[in-house]
Structure formats: C-alpha cells, structure tokens
Amino acid sequence: MKNWIQSFALLIFCSQMAGCGGGDSKSAASIAGDNNVAASNSPKALPADAEAKALTESFINAQALWANTAPTNYHYSFKEGGFGYKFDAYNPVTIWVREGKISQVISGIQVLNSEDYQQASIEQIFTRLAYTLGHSPADTHFHVEYDALLGFPTLFKATPGCCAQGMQLIVTDLHIDP
C-alpha cells in the first residue's frame with residue numbers, strides 16, 4: 001500500500017511538473033523515464049522544462065534511495081519556516097521515529113505533542129515536496145538537496161518569483177537507531 005501511495009504521489013508530481021515548465025508538456029512516464037538530464041549547479045541557467053526534469057529526476061532518485069534504505073527506527077533534527085529572521089526564530093525539533101511512526105518530538109528539553117508533527121516524517125516531507133514542486137507558480141525557484149547516502153531531503157527552499165515569501169525546510173543529523 002505504501003509503495004502504491006508513493007507511486008501515485010510521484011505520478012501526480014511528474015504530471016504537475018511537466019505542465020508548469022513553460023515548455024512542451026510531456027507525460028509523467030516520459031519525464032520519469034528520461035535519464036539523460038544532467039543536474040546543474042545553476043538551475044536558472046536551464047530552460048524551465050529542463051529544470052523540471054532535473055528536479056523530477058533528483059526527486060525520484062532520492063525517494064528510491066530512501067525507500068531502499070527503509071529504516072524503521074531513527075531520529076533527526078527538523079526545522080521549517082520562512083526566510084530571514086522568521087526562520088532563524090524557529091528552533092529545530094528532534095523527531096524520533098519508532099517502527100516507522102513518529103513517537104516523540106523534542107524541542108530543547110521540552111517534549112512536544114507528536115500528533116502536531118505528523119507532517120514532519122521523512123515520507124511526509126517527500127509528499128510535501130512533491131506537492132509544492134507540482135503546485136507552485138512557474139516562476140518559483142527551487143533549491144533542493146538530498147543526503148547522498150540515505151536519500152532523505154536535507155534542504156528545500158522555494159522562492160516565488162514575485163511578491164510572496166519563500167519557505168525553507170531543513171533536515172539534519174539523521175541517525176539510524178537500533
């Protein structure tokens with residue numbers, strides 16, 4: 001069931017990315033199957049549809065790497081918010097995952113309600129990235145980084161081209177627990 005949901009979310013993501021690139025629309029299958037797109041350090045230098053393909057390819061590869069690792073017990077630091085001083089004001093929280101579910105959330109020495117952080121699981125972060133990438137205006141600039149070993153997203157920044165505040169999400173210090 002989990003793989004079906006991930007595949008469905010990925011197909012939605014790919015179809016949305018194909019439509020928002022500004023170039024010719026391609027099917028999700030052709031974007032997901034195109035392995036000839038090279039990632040660039042300067043996404044703005046790429047045509048919009050090539051940027052969408054590169055984002056899609058890196059997303060697919062990272063999500064597959066995470067799914068292949070499939071740790072069930074781990075913990076990590078999580079922080080999200082807007083750019084600038086507002087983001088700096090948010091303290092990171094430590095998310096503890098046991099048997100694949102968020103079991104505990106700690107901010108400093110305070111234990112928080114884990115129900116308030118269900119959107120912070122690595123799987124939910126992938127889902128949120130797919131949604132944001134697929135539903136943002138075409139002039140939005142994205143910067144996404146993934147952990148090379150485990151595939152989880154380590155940094156996600158979305159900066160709208162005009163008049164809206166950007167957002168960022170950071171995942172650090174992920175440790176697989178016994």
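How many residues does helix α5 have, and how far does it reach from its first C-alpha to its last? The views below take up that helix and then its surroundings. This is a predicted model, in which local features need pLDDT of at least 70 and side-chain atom pairs count only at pLDDT 80 or more, while totals for chains, interfaces and linings use all residues. Residues are numbered from 1 along each chain as its sequence is written, and side-chain values use heavy atoms, with hydrogens and water left out.

**View 1. Helix α5 and its buried side.** Helix α5 (residues 122-135) has 14 residues and reaches 20 Å from its first C-alpha to its last, close to the 20 Å expected at 1.5 Å a residue; the expected span is 1.5 Å times one less than the number of residues. Its buried residues are Ile 122, Glu 123, Ile 125, Phe 126, Leu 129, Ala 130, Leu 133 and Gly 134. They cover an arc of only 160° around the axis, which puts them on the same side of α5; the arc is that of the directions from the helix axis to the C-beta atoms. Buried means under 20% relative accessible area, exposed over 50%, and partly exposed in between, with a 1.4 Å probe and protein chains only. Helices (H or I, at least four residues) and strands (E, at least two) are DSSP runs, numbered from the N terminus.

**View 2. The largest nonpolar core.** Here 29 residues come together, and those with the most contacts inside the core are Tyr 76, Phe 78, Ile 95 and Ile 122. Such a core is a set of buried Ala, Val, Leu, Ile, Met, Phe, Trp, Tyr and Cys residues joined through side-chain atoms within 4.5 Å. Helix α5 gives the largest share of this core, 6 residues. Look next at Phe 78: leaving aside neighbours within four places in sequence, its contacts include Ile 95, Ala 120, Ile 125, Leu 169 and Val 171. Contact means heavy atoms within 4.5 Å.

**View 3. Strand β6 between two partners.** In strand β6 (residues 153-159), 5 of the 7 residues are buried, so the strand is largely enclosed by the rest of the structure. Strand β5 (residues 141-146) pairs with β6 in the antiparallel sense over 6 bridges, and Pro 153 in β6 is the bridge partner of Tyr 146. Two strands pair if DSSP finds at least two bridges between them. The hairpin of β5 and β6 has 6 residues between the strands, and Gly 151 takes a positive phi near 90° there. β6 also pairs with strand β7 (residues 167-176), in the antiparallel sense over 4 bridges; Gln 168 in β7 is the bridge partner of Lys 157.

**View 4. Strand β3 and its two hairpins.** β2 and β3 pair in the antiparallel sense over 5 bridges, with Trp 96 opposite Gln 104 in β3. Their hairpin has 2 residues between the strands, and Glu 99 takes a positive phi near 55°. β3 pairs with strand β4 (residues 110-112) in the antiparallel sense over 3 bridges, and Val 105 stands opposite Leu 112 in β4. This hairpin also has 2 residues between its strands, and Gly 108 in the turn has a positive phi of about 65°.

**View 5. Lys 101 in strand β3.** Is Lys 101 buried or exposed? At 61% relative accessibility, Lys 101 counts as exposed. This residue lies in strand β3, and its C-alpha is separated by 7.7 Å from that of Ser 121, 20 residues apart along the chain.
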